[in-house]
Amino acid sequence: MNRIDVNLERVLAPIDPNLFGGFAEHLGRCIYGGVYDPDSPHAGPDGLRTDVLAALRRLQMPVIRYPGGNFVSGYRWRDGVGPRDARPARLDLAWGAPDSNHFGTNEFVQFCRQVGAEPYLVVNCGDGDMREARDWVEYCNGTADTALVRLRRAHGFDAPHNVQYWAVGNEVDGAWQIGHKTPEEYTRAYVEFAKVMRWVDPKIKLLASATSSWAPDFVERAQLLLEQASEHIDYMSVHWYVANHEDDFARYMAVSELIEARLRAYEGLIDALRLARRIKRPIPIAVDEWNVWYRAGIDTGLEEVYNLEDALAVAMHLNAFIRHARTVRMANLAQIVNVIAPILTRKDGLVLQTIFYPFELYRRTCGDAALDVFWSGETFDGGDYAGVRVLDVAASRGADGKRLTLYVVNRSLRPTEAVVALAEGRFAGSVTASVVNGPDIKTANTFDAPDNVGTHEATFDAADRELRYTFEPHSVTALVCPVAR
Ligand code: AHR
């Protein structure tokens with residue numbers, strides 16, 4: 001029998017809402033044709049797609065990263081501010097396409113305000129310099145009577161944007177990056193960029209580009225950054241994407257073990273360096289770009305069509321982030337619209353992809369404290385991993401301590417029964433089971449059949465220390481349980 005043991009007192013850490021962040025890049029139809037599309041019948045007066053805004057509001061992303069991604073390593077922020085008709089179109093070498101610059105910093109900040117997200121900007125540490133970076137901070141956040149602040153005001157923004165989150169560079173560890181850097185080159189650049197950006201605005205939070213390739217030098221990169229720049233680092237940013245290249249469901253579902261291994265290794269690395277170098281401040285991890293990505297390349301604008309098994313992979317990520325809430329304090333789903341995204345648009349409408357639903361469900365139901373949960377039972381073998389538990393589990397507790405939310409991904413193609421047992425206290429009333437599922441693991445949502453995969457809900461009463469629940473085959477379930485302690 002599968003068994004899930006929860007102790008409501010064993011709090012791992014507070015859950016940072018920024019675990020539910022997003023990422024928007026000037027790439028394909030993410031910005032132009034996704035977020036911003038003045039020619040769409042759904043465009044508002046500012047050119048933003050009102051249907052996209054409404055869908056994004058359902059995801060309640062607290063933070064959105066912009067403008068790249070690889071794009072940012074050749075970006076000049078000045079090209080994207082001021083009167084639209086005077087903005088220069090530029091060739092973006094990262095993705096090989098022209099960019100009109102009709103959408104830039106101010107449009108992005110306004111877009112964020114409309115979806116309730118904090119804007120998070122990445123500065124160009126590819127072919128850009130620290131002067132540009134510091135000027136961007138001043139343009140956005142400055143209040144003194146300077147040329148850059150006057151410029152922002154002349155562009156119609158009297159009040160500072162107060163952009164809190166700033167990253168120095170994107171995926172600098174990758175040879176594909178414009179301005180790819182060795183560990184030493186990046187650490188040196190990071191210190192200098194960070195110093196002047198913080199001198200402009202001491203309140204900003206800074207993210208260091210730590211690893212995206214997970215090449216063996218990720219250890220050295222972390223070591224140099226933490227030894228030489230820790231006082232300037234608020235987050236260590238890591239990226240990854242997962243895939244089912246082999247069309248092997250068991251192997252794909254076992255990717256949870258890789259996610260665990262990476263998070264455990266990276267948090268161990270930071271802990272070890274903090275101990276060795278007597279770094280007092282905790283330095284959290286930002287999983288700054290993550291998602292499923294393997295089918296769609298640049299020829300199709302990275303427009304992945306997601307199926308149900310991809311939604312399970314997304315839920316396993318969210319479970320891992322909750323379990324690692326002590327160290328993972330930000331995670332940004334890459335990306336938000338059209339490009340490897342939960343939302344796909346056409347001029348006249350949109351479809352909510354399968355991966356939209358677990359994200360929406362977790363964001364809506366997640367408590368503010370991560371609980372240490374122990375579970376055991378049936379296992380499977382997949383890829384490099386043997387004895388992987390069929391259920392993937394995480395748990396959170398609500399602010400008043402009276403609500404437990406249990407997240408369970410059932411990676412079996414059969415119904416899976418489990419006992420959920422509280423160490424103390426009892427279930428106290430109507431439990432809501434919200435289930436993301438569809439007919440088959442390969443099912444996608446399309447414009448012709450947009451509701452193949454979605455969330456359905458049922459309630460049942462529970463009053464004892466234990467309850468039994470049968471998880472649907474290939475499903476993601478959130479059990480929201482009132483509890484008495
Ligand atoms: O999200 C797509 C791309 O993936 C980003 O531009 C880059 O940072 C990553 O390699």
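Leaving out neighbours within four places in sequence, alanine 210 is in contact (heavy atoms within 4.5 Å) with Arg221, Leu225, Met236, Ser237, Val238 and Tyr266. The model is a predicted one, in which local features need pLDDT of at least 70 and side-chain atom pairs count only at pLDDT 80 or more, while totals for chains, interfaces and linings use all residues. Residues are numbered from 1 along each chain as its sequence is written, and side-chain values use heavy atoms, with hydrogens and water left out.

Alanine 210 sits in strand 8 (residues 205–211); helices (H or I, at least four residues) and strands (E, at least two) are DSSP runs, numbered from the N terminus. With a relative accessible area of 1%, alanine 210 is buried. Here buried stands for under 20% relative accessible area, exposed for over 50%, and partly exposed for whatever falls in between, using a 1.4 Å probe and protein chains only. Between the C-alpha atoms of alanine 210 and threonine 146, which are 64 residues apart along the chain, the separation is 34 Å. One of the partners of alanine 210 is Tyr266, and tyrosine 266 has its own set of neighbours: Ala210, Thr211, Trp214, Phe218, Ala222, Met236, Val238 and Ile285, again not counting residues up to four places away in sequence.

Tyr266 also turns up in the largest nonpolar core, where Ile4, Phe111, Trp166, Met236 and Tyr266 have the most contacts among its 161 residues. Such a core is a set of buried Ala, Val, Leu, Ile, Met, Phe, Trp, Tyr and Cys residues joined through side-chain atoms within 4.5 Å. Helix 9 (residues 308–323) puts in the most, with eleven residues. At least three residues of this core come from each of domain 1 (3–8 + 371–484) and domain 2 (14–367).

Those two domains are how the protein is divided, with bounds that come from an automatic or database domain assignment. Taken over C-alpha atoms, the centres of domain 1 and domain 2 are 30 Å apart. Across the boundary, 43 residues of domain 1 are in contact with 40 residues of domain 2.

Helix 2 as a whole is mostly covered, as eight of its eleven residues are buried: Thr105, Asn106, Glu107, Phe108, Val109, Phe111, Cys112 and Val115. The cover over these buried residues includes helix 1, strand 3, strand 6 (118–123) and helix 3 (130–141). Just past the end of helix 2, glycine 116 takes a positive phi of about 80°.

Helix 1 (residues 50–59) also packs against helix 10 (residues 356–365): their axes come within 8 Å and cross at roughly 50°. Helix 1 is therefore oblique to helix 10; angles under 35 degrees count as roughly parallel, over 145 as roughly antiparallel, 65 to 115 as roughly perpendicular, and the rest as oblique. The axes are lines fitted to C-alpha atoms, for helices over the stretch in contact, and the angles run from 0 to 180 degrees between N-to-C directions. Helix 1 brings Ala55, Arg58 and Leu59 to the contact, and helix 10 brings Phe356, Tyr357, Phe359, Glu360 and Arg363. Sorted by type, these residues come out as five nonpolar, no polar and three charged, where Ala, Val, Leu, Ile, Met, Phe, Trp, Tyr, Cys and Pro count as nonpolar, Asp, Glu, Lys and Arg as charged, and the others, Gly among them, as polar.

Most residues other than glycine have a negative phi, and most peptide bonds are trans. A cis peptide bond links tyrosine 66 to proline 67, with omega about 5°, and another cis bond joins glycine 68 and glycine 69, with omega about 20°. Proline 67 is in the loop between strand 3 (63–66) and strand 4 (90–92), and glycine 69 lies in the loop between strand 3 and strand 4 too. Aspartate 247, though not a glycine, has a positive phi of about 50° and is exposed at 54% relative accessibility.
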